[in-house]
Amino acid sequence: MAITRTDVLHVARLARLELAPDELPKLEADLRRIVEYVSELAQVDTEGIPPTAHVTVAHAPLRADVPRPGLSHEAALAEAPRCSDGAFAVPTFVDES
Amino acid sequence: MSVLGLSIPELADAVASGHIGAEEAARASLRAIGERAELNAFLHVAEQAALASARAIDRRRAAGEKLGALAGVPIAIKDALCTVDAPTTCASKILTRNGIGWRPPYDATVIERLRAADAVLVGKTNMDEFAMGSSSENSAFGPVRNPHDPSRSPGGSSGGSAVAVAAGMASGALGSDTGGSIRQPAALTGVVGLKPTYGRVSRYGLVAFASSLDQVGPFARDVRGAARLLAVIAGHDARDSTSSTEPVGDYEAACERPIAEMRIGVAEEYFAPGLDPDVEASVRAMLARLEAEGARLVPVTLPHTRYGIATYYVIATAEASANLARYDGVRFGERVEPPGADLDEMYGATRDAGFGREVKRRILLGTYVLSAGYYDAYYKKAQQVRTLIARDFSAAFANVDVIAAPTSPTPAFELGARLEDPLAMYLSDVCTLPASLAGICAISVPVAPTPARADRPALPVGLQLMAPPFAEERLFTVAAACERLA
């Protein structure tokens, strides 16, 4: 199943990537070729083979439940493009009308 | 001989005993960096910080303090590792605002360990953006050039770190290897580069690309230098729950061990069509020397090798699409906010302007293989093939101690040659991806360069050695033998 323009725009939306119109044709062509290439995995018989998510980590180790210092409020905000009232500032995203 | 001509252990010993000043070594490194600026290996040169830390080391020695294992050794750092006193950009515009790189609020664990060992950090090296690439051309700040032929790529993604060592700008360097990003540039620039076993080195403070594959590792001009560096950075870290509690080996002692009776596996899958004949000749010549030295060459088979590229590019991009979701213009880095834009539009505009083409390609591919309807066919399938690739290695290591192969199917290629063809670039990684997927350790050590031809000069060649999880000592034993026999 070849990748279509609609697929590219759909995943771009999922990935929060606002692609410029002039980027689209090349990206679409590249993705089509790459997806075609990785489709060779379908040839491999994987019946009954468990998937590997992680090679060496058998279980997630737990650390002791003791408080320790974290990032200070000031350090956390130091690199923010915009902040106000001691918080990260972002454009409006709740429609209050 | 210049200070930077010394190996890492020699220089550290000379500084610790007061024969060479740390400041003298730092100045030699900073001078070399300035003289080779056209190679574009560095994104940030930490001149003041390096000199200040070198002077502090010299003062402590003068006061009679015992110095660390990397006393006064100039080390270059891939710009994917967080440093509190230097900008960290991953060669991306999205971590650069108004021309100034992001300042992390903490040091990566490996950086803390280098500082504690009295290394002098001379700067941050150029790379493919977010470590995505095999040529160090996908940098928002221009490509890195290969010192053996500046019209060629040094490989990637840790190209700047490889070049810093190859061109004598630093005694050693740190890189990160997700699918070959240390080993391949080491091979293409003629230095030693090691990808540790997954979990051998802490990833805390390494900017994440593909979390089940990423490892930090050393570059050095010789095998002992890489051994000293690995010993400093390896070991459990409570801040990375995937880091192993397995004891750290004695890597320098391993360099002195004989290879007689060692079984070296040779898999013909790594000598497939597409392998440059000069690279093959160099690698096979070294295998013959190892055999003459008493090692046994044993044929092994790794039948799923050819699926490594497809498996890797599904798994790595899937993980990357999740990891790179954090670059949203809210907490750090670049923000693009068109007038009247709402939050979603701000995210979209920031990410479109901040990421380069290859990063976008990989985010889109990763999102696609994880999306509803395609997950089983691509992502889950790739995870199953990953199991088969890992089983190939386990079966082979039942009969051999290490497996030898070329590191890269070709020597250094020309800048631009693969840039417009992402698939051709991905094929560059055919020899290094399987070890990454299996989570085992692997090293690239220089062997005889290719002979000069009409169309290319003599170029470095790397032999790759792979060993089971946490068997880095075996890699050092055989790699040190290659160095002696070269």
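Colleague: Leaving aside neighbours within four places in sequence, which residues is B:Asn323 in contact with?

Modeller: In this predicted model, local features need pLDDT of at least 70 and side-chain atom pairs count only at pLDDT 80 or more, while totals for chains, interfaces and linings use all residues. Side-chain values use heavy atoms, without hydrogens and water, residues are numbered from 1 along each chain as its sequence is written, and chains are lettered from A and ligands numbered from 1 in the order in which they are written. B:Asn323 is found in helix H10 of chain B, where helices (H or I, at least four residues) and strands (E, at least two) are DSSP runs numbered from the N terminus. With contact taken as heavy atoms within 4.5 Å, and neighbours within four places left aside, its partners are B:Ala208, B:Phe209, B:Ala210 and B:Ser211.

Colleague: Is B:Asn323 buried or exposed?

Modeller: A polar atom of the B:Asn323 side chain lies 3.0 Å from the backbone oxygen of B:Phe209. Buried means under 20% relative accessible area, exposed over 50% and partly exposed in between (1.4 Å probe, protein chains only). Because the relative accessible area of B:Asn323 is 11%, the residue is buried.

Colleague: How much area do chain B and chain A bury between them?

Modeller: The contact involves 65 residues of chain B and 54 residues of chain A. In chain B, B:Leu364, B:Tyr368 and B:Leu423 lose the most area to chain A, together 12% of what that side buries. Buried area is the accessible area (1.4 Å probe) that two parts lose on being put together, summed over both. For chain B and chain A, with 66% of it on carbon and sulfur atoms, the value is about 5400 Å².

Colleague: How many salt bridges does the rule find across the interface of chain B and chain A?

Modeller: The rule asks for a side-chain nitrogen of Lys or Arg within 4 Å of a carboxyl oxygen of Asp or Glu. Across the interface of chain B and chain A, the number of salt bridges found is six.

Colleague: Which element supplies the largest share of the side of chain B that touches chain A?

Modeller: Several helices of chain B each supply at least two residues of the side that touches chain A, among them H10 (308-323), H12 (357-370) and H13 (375-396). The largest share, 11 residues, comes from H13(B).

Colleague: Which residues touch the most other members of the largest nonpolar core?

Modeller: A nonpolar core is a set of buried Ala, Val, Leu, Ile, Met, Phe, Trp, Tyr and Cys residues joined through side-chain atoms within 4.5 Å. Of the 186 residues in the largest one, those touching the most other members are B:Leu114, B:Phe130, B:Leu290, B:Phe393, B:Met466 and B:Phe476.

Colleague: Where is the cis peptide bond that involves B:Ser157?

Modeller: B:Ser157 is found in the loop between strand E5 (120-125) and helix H5 (159-166) of chain B. With omega at about 10 degrees, the cis bond joins B:Gly156 and B:Ser157.

Colleague: What is the relative accessible area of B:Asn98?

Modeller: B:Asn98 is placed in the loop between strand E3 (96-97) and strand E4 (100-101) of chain B. Its phi is near 50 degrees, a positive value in a residue other than glycine. B:Asn98 is exposed, and its relative accessible area is 73%.

Conventions. Polar contact = N/O pair within 3.5 Å; in protein donor to acceptor, adjacent residues only side chain to side chain.
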